[in-house]
Amino acid sequence: MSDVRVKICGLRDRTNLDAACEAGVAYVGFVFFPKSPRNVTIDEAADLALATKLGVAKVALVVDPTDELLDQITGNVPLDMIQLHGTETPERVAEVRSRYGLPVMKAIGLSGPEDTPQIDIYAKVADQLLIEPKAPKGSDRPGGNGVTLDWSLARRKYWTRPWMLAGGLNAGNVAQAVDYTGARQVDLSSGVESAPGVKDPDMIRAFMKAVQA
Ligand SMILES: O=C(O)c1ccccc1N[C@@H]1O[C@H](COP(=O)(O)O)[C@@H](O)[C@H]1O
């Protein structure tokens, strides 16, 4: 499992950013979504992005963003990727990709086999895909809910784009998740938190140890 690439999302402070980078993550994510306990301002994200270890990709997570918001983010935060985590259409994904000249990862929520055709639709326009469970009823955010995906939905034989497995991953289940699905990249937030929005450096290190075992 040692070559599995990890994205830790929702980082908000230097201590956890540094812990993630030192532990060997491939990506760090900054959340621009005011309803999330992981939301950061553009200034906060710019400081964190500038402090991110060289070689670690910096990802901006946005939910149905306006061009105005994306202009602000991309104009002020050095980034390597935009993660679209709302109800963006394939046309909007293509538009964002072309307007900002950055790779785009599209999150796709799956609750049953009827949702899996979305994977092929978005694979035509996005650089990467993020596969996760749909948000539970009543949640005010489309991701970051700590809910585990029905992994059988992601156990596909052939992917035309790089993809990340997400949803409820933690140090205790990541090995099984990777073995079962064949994922080569994983993304998580809640699984390295002591409370919603509060990352824990020891949990980050434990997760990375589990991935690298
Ligand atoms: O993290 C959030 O608050 C968030 C808000 C809005 C959209 C997506 C969000 N998080 C994404 O969901 C995955 C999985 O989260 P978890 O591990 O189940 O907590 C996370 O990595 C983000 O990419």
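Which exposed residues does the face of helix 2 turned away from its buried side carry? I will come back to that after a word on the model itself.

What we have here is a predicted model, in which local features need pLDDT of at least 70 and side-chain atom pairs count only at pLDDT 80 or more, while totals for chains, interfaces and linings use all residues. Residues are numbered from 1 along each chain as its sequence is written. The mean pLDDT, which is the predictor's confidence in each residue on a scale from 0 to 100, is 95 for the chain, and 98% of its residues reach 70 or more. The model scores are ipTM 0.97 and pTM 0.96.

Turning to the overall fold, the chain comes to 7 helices and 10 strands, where helices (H or I, at least four residues) and strands (E, at least two) are DSSP runs numbered from the N terminus. The radius of gyration, taken over C-alpha atoms, is 16 Å, close to the 17 Å that the globule rule (2.2 Å times the number of residues to the power 0.38) gives for 213 residues, so the chain is as compact as a globular protein of that length. Of the 213 residues, 40% count as buried, and a residue is buried if 20 or more other C-beta atoms, placed from the backbone, lie within 10 Å of its own, exposed if 12 or fewer, and partly exposed in between.

Now to helix 2, residues 42–51, in which Ala45, Leu48 and Ala49 are buried. These three cover an arc of only 100 degrees around the axis, judged by the directions from the helix axis to the C-beta atoms, which puts them on the same side of helix 2. Their cover includes helix 1 (14–23), strand 2 (27–32) and strand 3 (57–62). The opening question can now be answered: the face turned away from the buried side carries Asp43, Leu50 and Ala51.

Finally, Met203 has its place in helix 7, residues 201–212, and counts as partly exposed because it has 17 C-beta neighbours inside 10 Å. Its C-alpha atom is separated by 9.8 Å from that of Ala19, although Met203 and Ala19 are 184 residues apart along the chain.

Note on methods:
Contact = placed C-beta atoms within 7 Å.
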